[in-house]
Amino acid sequence: MHYDFFMELAYKQAVLALLADEVPIGCVIVKDGQIIGSGYNRRNSEKNALAHAEIIAINQACTAIGDWRLEDCTLFVTIEPCPMCAGAILQARVSNVVFGARNKKAGCAGSIVNLLDHPGFNHTANIIEGVSETKCASLMQTYFKTLRS
C-alpha cells in the first residue's frame with residue numbers, strides 16, 4: 001500500500017480543517033486501494049464533541065460499504081487517535097491504522113495507552129506510525145501557535 005500517498009490525502013483533509021478554523025486533523029479510510037471515507041475535524045463548526053476526523057470518516061466508510069464492519073480497511077489519520085476515536089476504530093473492526101504524528105496529550109495508539117493493541121479487547125488493529133510525521137506535526141504546531149497569539 002502507498003502509505004505516503006494516502007497520508008497526503010489525509011493531510012489535505014487536515015488543511016480543510018485548518019481553513020475552517022478547526023484543529024487540523026484529517027483522515028481517510030481505504031479498502032482495496034480505494035478511498036471509502038474521509039473527514040476532518042468539525043467540532044467547532046458542528047458544535048459537536050463527536051465530530052472528529054476519524055468518526056466522520058468511519059461513518060462515510062460504513063455507508064459506502066453498507067456494513068459497520070470495516071475489516072480489511074486501513075485508516076490514515078494525521079495525528080494519533082484519541083480515546084474516543086480509538087474506541088470507534090475498534091468497534092468498526094478497522095484492520096490497520098496509519099498515523100502521522102503522536103498525540104502526547106490524548107493519544108491512544110501508544111502515547112498514553114494503546115487501546116488499538118490491547119490484549120483484553122476482542123479486536124486489535126495493526127499500527128504504523130510516523131508516516132509524514134514532521135509535516136503532520138508541523139501543521140498542528142502552526143495551528144496552536146496561531147491560536148495562542
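Here is a quick tour, from the overall fold to the core.

This is a predicted model, where local features need pLDDT of at least 70, side-chain atom pairs count only at pLDDT 80 or more, and totals for chains, interfaces and linings use all residues. Residues are numbered from 1 along each chain as its sequence is written, and side-chain values use heavy atoms, leaving out hydrogens and water.

The protein chain has five helices and five strands, counted as DSSP runs (H or I of at least four residues for helices, E of at least two for strands). Starting at the N terminus, the order is α-β-β-α-α-β-α-β-β-α.

Some overall values for the protein chain:

| Property | Value |
|---|---|
| C-alpha box along the principal axes | roughly 45 × 30 × 30 Å |
| Buried residues (under 20% relative accessible area, 1.4 Å probe, protein chains only) | 46% of 149 |
| Accessible surface (Shrake-Rupley, 1.4 Å probe) | about 7,600 Å² |

Carbon and sulfur atoms make up 51% of that accessible surface.

Now for the inside. The largest nonpolar core has 42 residues; such a core is a set of buried Ala, Val, Leu, Ile, Met, Phe, Trp, Tyr and Cys residues joined through side-chain atoms within 4.5 Å. I29, I58, L70, L75, F76 and L116 have the most contacts inside this core. Elements giving two or more residues to the core include α1 (3-19), β1 (26-31) and α5 (133-148). L116 touches, among others, A86, V97 and I127 (heavy atoms within 4.5 Å), leaving aside residues up to four places away in sequence.

Terms used:
Buried < 20%, exposed > 50% of the residue type's maximum accessible area, 1.4 Å probe, protein only.
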